[in-house]
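Hi,

Here is the structure I promised to pass on. Have a look, and my notes follow below.

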Amino acid sequence: MRTTMRAAVCTRAGGPEVLEVRKLPVPAVREGWSLVRVRGAGLNRSELRTRQGHSPSVVFPRVLGIECVGELAASTDPRLAEGSTVAAVMGEMGRAFDGGYAEFALLPNDLLMPVRTSLPWETLAALPETYLTAQGALDALGVARGERLLIRGGTSSVGMAAASIAAALGVETAATTRRPHKAAALAADHVLVDDGGPQTIAAWPDGPDHVLDLVGTSTALDSLRLVRPGGTVCVAGSLSGWLIPAFEPIAMIPTGTRLTAFHSDTLRGAAGAAVLQRVVDQVEAGVHRPHVDRVVSLDEIAEAHRHMEDDQATGKVVLVP
């Protein structure tokens, strides 16, 4: 067993340059935890926010990464076989304890989701946080065959996953992007360029039945205006921040319209294992085709953060340590 590993350490709050690749001891297994050899980790905007200093509970230095996939190197859980494939998301990964930006990660047993798959690591790594969030948000909305769904933030990895899942359900979709050159990447029935003003959908004069808002606070009120009377808006992303200034629910939520949210921590561990396996099976069957923007190494992590921070990514950026 190796005694040292390489990891990308966030040394302090700041720009991408605060991410430094260092040699660290491989964590020692302790009761209730398992050691995972990380084979891939999807990068997420929440990690950008932590790096920028917007997560006050996080103490630096910290190895970021709210998700990973890999092989079980050692475990205190007799139900988990060494060498088996596992995935993990959330549960304070990369925040209260070191996460997936490393060759090994020590993770709580209750976060681990065993996975049966023949997918390459970079494809599998693009699935957990992205598809669990997309599926959970669509479940929160209650979308059904024949309905109309607007996805705001459509070229995000979650937005592209949600469009794929919705299409498989027989849902008519529209998706927005703030960057016209990304419009061609949207696999939706209707593509809209978001110019920052109120949205309209010519094909749906009465509005969509549901809005999945991944942009978040800057567009949530417009989404409530746009959805059909009695429709539902689900906020499941924070591309524009965390807070809606001076939010007045009675004045700002139209009568009968529903506002809900989804947080991916809902589907961590055992709660998400069956959902993730179903997603993996569907990817293997060709139902979904994950959109991987690029695959990077540990040495490229700072540039990968800069790429995401500049809103250049279309789909998922994957780290293969």
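How exposed is R2? R2 is partly exposed, with a relative accessible area of 38% (buried means under 20%, exposed over 50%, partly exposed in between, using a 1.4 Å probe and protein chains only).

Before the rest, some ground rules: this is a predicted model, where local features need pLDDT of at least 70, side-chain atom pairs count only at pLDDT 80 or more, and totals for chains, interfaces and linings use all residues. Residues are numbered from 1 along each chain as its sequence is written, and side-chain values use heavy atoms, with hydrogens and water left out.

Now the salt bridges (a side-chain nitrogen of Lys or Arg within 4 Å of a carboxyl oxygen of Asp or Glu). The count comes to 20. In one of them R2 joins E103, with the closest N and O atoms 2.6 Å apart. The two sit 101 residues apart in the chain, and E103 is buried at 14%.

R6 and D299 also form a salt bridge, at 2.6 Å from N to O. R6 lies in strand β1 and D299 in the loop between β15 and α8, so the pair ties together parts 293 residues apart in sequence. (Strands are DSSP runs of E, at least two residues; helices are runs of H or I, at least four, all numbered from the N terminus.) D299 is exposed, at 57%.

There's a sheet too: six strands, open, ordered β11-β10-β9-β12-β13-β14 with parallel pairing. Two strands pair if DSSP finds at least two bridges between them. The edge strands are β11 and β14.

Cheers
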